[in-house]
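Subject: Structure handover and notes

Hello,

Here is the structure for your files, with my notes below it. Please read the notes with the model open beside them.

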Amino acid sequence: MAVLEKMRRKMGAVITVFIAIALLSFIVDADTLQTAFSMVSSKYDVGKIGKKSISQTDFAKRVEYYERIFSLTNNETNTEESNEIINNSAWQSLLADNVLIPVCKNAGLRVGAGEMIAMAKNGQDLSPVLLNEPIFLNENGEFDQNKFQEFIQNIDLDDSGNFAAYWAFLERNMEQNRMFSKYSSMLEKGTFANDLQIRREIADNNNSYDVDFVLQPVAFAQDSTIVVSDSEIKQRYETIKSTLRQIESRDAELIVFNITPSDKDIAAAKEDHEKLYQEFLEVSDSDMKTFIAHNSDLPLNDLYFKKGDLREISSILDDFASEKSIGAFMAPQHMDNVFVAAKIMDIASRPDSVFVKYIPTANANMADSLLNVLKSGADFTAIASQYVPAQGGFEPGTIGWITEPVAYRQLPAGFLKAFSSKKGDMFTISNNGSVIIVKVDNTTAPVRKAKVAILSKEASVSHETFSRIFAQASKVVDKSDAYIKNFEAYAHENNLDLIPANRIAGGAKTIAGYDNMKEVSRWLFEAEVGDVSSVMTIDNKYFVVAALQRIHPDGYAEISEIAPQIKDMLTMQKKVDKLAAETKEKVGNVSTIEEVAEKLALTVSNSPDVTFSSLGSTQQLDPLFIGSVAQAGAANNNNVVGPVKGDLGVYYFQIKDKKIGAFYTDSDAKMKASNSIYSILNSLSQIICDKEKVVDQRYKFY
């Protein structure tokens with residue numbers, strides 16, 4: 001079972017697992033019970049695909065399948081992050097089976113047995129699925145046909161069936177990947193720009209205009225002569241309704257209570273810290289690491305700090321470490337509910353950064369042999385290239401410039417030795433059974449650094465304080481009496497901040513800047529408009545009480561919701577129409593833009609390089625103005641043009657010069673057309689799901 005062990009060691013947490021706990025399993029079979037409920041209620045559906053409902057039972061079975069795959073490829077404990085990944089994997093597989101693959105098959109696409117065999121051979125047709133499987137890759141990250149064949153040969157020898165299950169999983173992914181690839185290729189090959197489109201594209205991008213113009217901005221003050229009727233709003237709503245697609249979401253108000261230490265808690269923490277400080281003064285250097293581990297929030301490590309490195313903790317601590325001598329103590333300091341004391345353990349002259357290279361080896365014997373060869377003058381890069389590929393433009397085995405904090409946080413233990421080494425030094429470190437050869441290739445100039453033992457303790461929230469804050473939050477709930485108007489009134493009367501949170505999606509983790517708020521979003525999707533929640537505890541950092549203001553249903557925004565914006569838009573358009581008529585009467589017949597400016601008491605502005613392609617750029621010009629300039633330029637019209645109704649007011653312009661370039665070519669036009677199909681392909685899955693009316697309601701359960 002060596003291959004299976006390799007799978008366990010090398011596979012990352014690509015997928016994870018959902019574990020269903022049936023509280024009534026001792027009375028009745030959970031599947032039977034859930035199925036019975038599902039037959040009479042859509043409450044237990046996790047989603048819909050068209051008219052087909054996806055029950056929680058069916059989805060849980062799909063998740064259990066991925067749980068098995070996960071157990072074959074990963075022996076780590078499941079985390080919230082990995083559980084979410086498997087949840088998404090199970091959902092995506094349902095979409096593939098019920099939506100995406102059927103669409104591909106309806107287009108006449110198939111993957112034959114011959115293709116499946118070809119995708120599993122080491123050649124040009126090798127499936128990307130296999131290329132991304134770590135158990136099939138060699139030390140250089142390349143697909144190894146021998147490792148793959150070893151896996152295939154072990155399938156029939158595995159009595160547990162795990163190999164067969166995993167191979168079936170890979171085959172299914174290979175087939176689906178090829179099907180999607182064919183569908184995308186079909187769309188790409190069927191989309192192209194014709195000769196007329198290409199010629200127009202070239203002209204639009206090569207013709208530019210030097211334009212003088214004036215802008216009469218529309219007044220934003222209310223105009224009593226402008227009236228927008230309900231029928232006009234409804235007519236415009238029907239016109240733009242197709243653009244008002246929205247996912248289901250919620251608007252809410254929150255009251256958040258921070259769970260922070262009281263003055264009494266802080267005083268108690270100060271007293272405790274001062275007692276610890278007296279012990280701290282007596283601890284020997286040899287016992288310091290143990291003392292700090294038991295009493296401080298910050299561990300004692302082998303890091304040395306230069307001036308500025310400790311400023312994020314405290315400027316006082318940073319000044320202390322950069323100025324005092326070995327053995328000096330910093331008395332307790334109070335900073336943001338944290339008490340800090342320190343002792344300088346050592347001072348050394350060390351480089352701030354080192355440039356390191358490495359060679360990973362299987363064991364100590366191999367490392368010693370290679371190290372002897374390297375010390376005899378062998379080229380480090382040449383040997384490293386046999387064990388690690390080049391990455392990021394660096395030579396094989398190159399890590400690059402690192403600082404001590406980076407080495408401590410991101411690299412295996414032992415790399416800190418590089419900062420006490422000289423340029424050219426080589427040494428070995430152990431890492432999870434393997435041995436790494438490290439070379440210090442270069443260093444920066446040495447600077448004064450200090451090794452510091454930091455006795456840091458944060459004031460904790462006492463049970464008394466926790467209960468008091470919870471009582472304050474509970475009072476909001478009691479006074480609200482489950483009604484949002486009472487909730488808002490109590491907040492105003494007691495100077496509590498009402499935090500708006502709009503367009504909250506199902507299962508949202510972050511709400512109004514607060515993380516891990518899934519419990520709040522779940523409540524919002526179970527509540528009715530006007531409801532007030534009970535007190536919800538978030539990470540023991542916050543108490544949250546929420547009130548549901550509005551529900552935005554999945555589909556198209558309702559006219560009542562969008563009417564104010566439509567009214568503002570129509571009002572602005574009518575103002576522009578009125579302004580255009582007024583300016584036209586004032587301007588009359590003119591031959592130059594300067595005359596227009598004089599009659600309207602405006603200033604002439606200039607834009608020297610207006611092209612129709614400016615519509616797709618970051619150029620801050622009104623699109624309607626740009627379009628009118630391009631149209632006049634194409635007709636070689638050098639007269640005064642206007643009034644042109646824009647988004648912000650009324651324009652008059654005159655083209656002073658037309659420049660024809662040749663920098664935008666046929667190839668550029670074709671490339672742009674090709675890029676447009678890629679943007680469609682990137683959204684293809686979502687487009688198909690929207691067409692098939694896919695509804696995702698997993699947030700109800702997960």
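How many salt bridges does the structure hold? The structure holds 30 salt bridges, a salt bridge being a side-chain nitrogen of Lys or Arg within 4 Å of a carboxyl oxygen of Asp or Glu. Before the details, two points on the source. This is a predicted model, in which local features need pLDDT of at least 70 and side-chain atom pairs count only at pLDDT 80 or more, while totals for chains, interfaces and linings use all residues. Residues are numbered from 1 along each chain as its sequence is written, and side-chain values use heavy atoms, with hydrogens and water left out.

The chain as a whole

The chain has 702 residues, and 40% of them are buried. Buried means under 20% relative accessible area, exposed means over 50%, and partly exposed lies in between (1.4 Å probe, protein chains only). There are 24 helices and 20 strands in the chain; these are DSSP runs numbered from the N terminus, with helices (H or I) of at least four residues and strands (E) of at least two. Accessible areas come from the Shrake-Rupley method with a 1.4 Å probe, and for residues only the protein chains shown count as cover. Of the contacts in the chain with a separation of 6 or more, 70% are between residues 24 or more positions apart, where contact means heavy atoms within 4.5 Å.

D319 and K307 form a salt bridge, with their closest N and O atoms 3.2 Å apart. This pair links distant parts of the chain: D319 is in helix α13 (residues 315-323), and K307, 12 residues apart from it, is in the loop between α12 (285-295) and α13. D319 counts as partly exposed because its relative accessibility is 26%. K307 is partly exposed too, at 49%.

D318 also lies in helix α13. Its salt bridge is with R311, and the closest N and O atoms are 3.1 Å apart. Is D318 buried or exposed? D318 is buried, because its relative accessibility is 1%, whereas R311 at 41% is partly exposed. Apart from neighbours within four places in sequence, D318 is in contact with K306, K307, G308, D309, L310 and R311.

Other salt bridges

D696 and R698 meet through their side chains in a salt bridge of 2.7 Å, N to O. D696 is partly exposed at 33%, while R698 counts as buried because its relative accessible area is 11%.

A charged patch

Which residues gather in a patch of negative charge on the surface? They are E80, E81, D515 and D539. Patches are made of residues with over 30% relative accessible area and no salt bridge; like charges are joined within 9 Å, and nonpolar side chains (Val, Leu, Ile, Met, Phe, Trp, Tyr) within 5 Å. Asp and Glu count as negative and Lys and Arg as positive, with His and the chain ends not counted. The place of a charge is taken as NZ of Lys, CZ of Arg, CG of Asp or CD of Glu. D539 is in the loop between β14 (536-538) and β15 (542-552) and is partly exposed, at 44% relative accessibility.

F163 lies in helix α8 (residues 162-189). F163 counts as buried because its relative accessibility is 1%. L72 is 91 residues away along the chain, yet the C-alpha atoms of F163 and L72 are separated by 8.5 Å.

A505 is in strand β13 (residues 499-505) and is partly exposed at 28%. Leaving out neighbours within four places in sequence, A505 is in contact with I247, E248, S249, S521 and F525. A505 and F525 are 20 residues apart in sequence, with 8.9 Å between their C-alpha atoms.

Backbone points to check

Most residues other than glycine have a negative phi, and most peptide bonds are trans. R503, in strand β13, has a positive phi of about 55 degrees although it is not a glycine. A601 has a positive phi near 55 degrees and is in the loop between α21 (593-600) and β17 (605-610). A601 counts as exposed because its relative accessibility is 70%. The peptide bond from G642 to P643 is cis, with omega near 0 degrees, and P643 is in strand β18 (residues 641-645).

Regards
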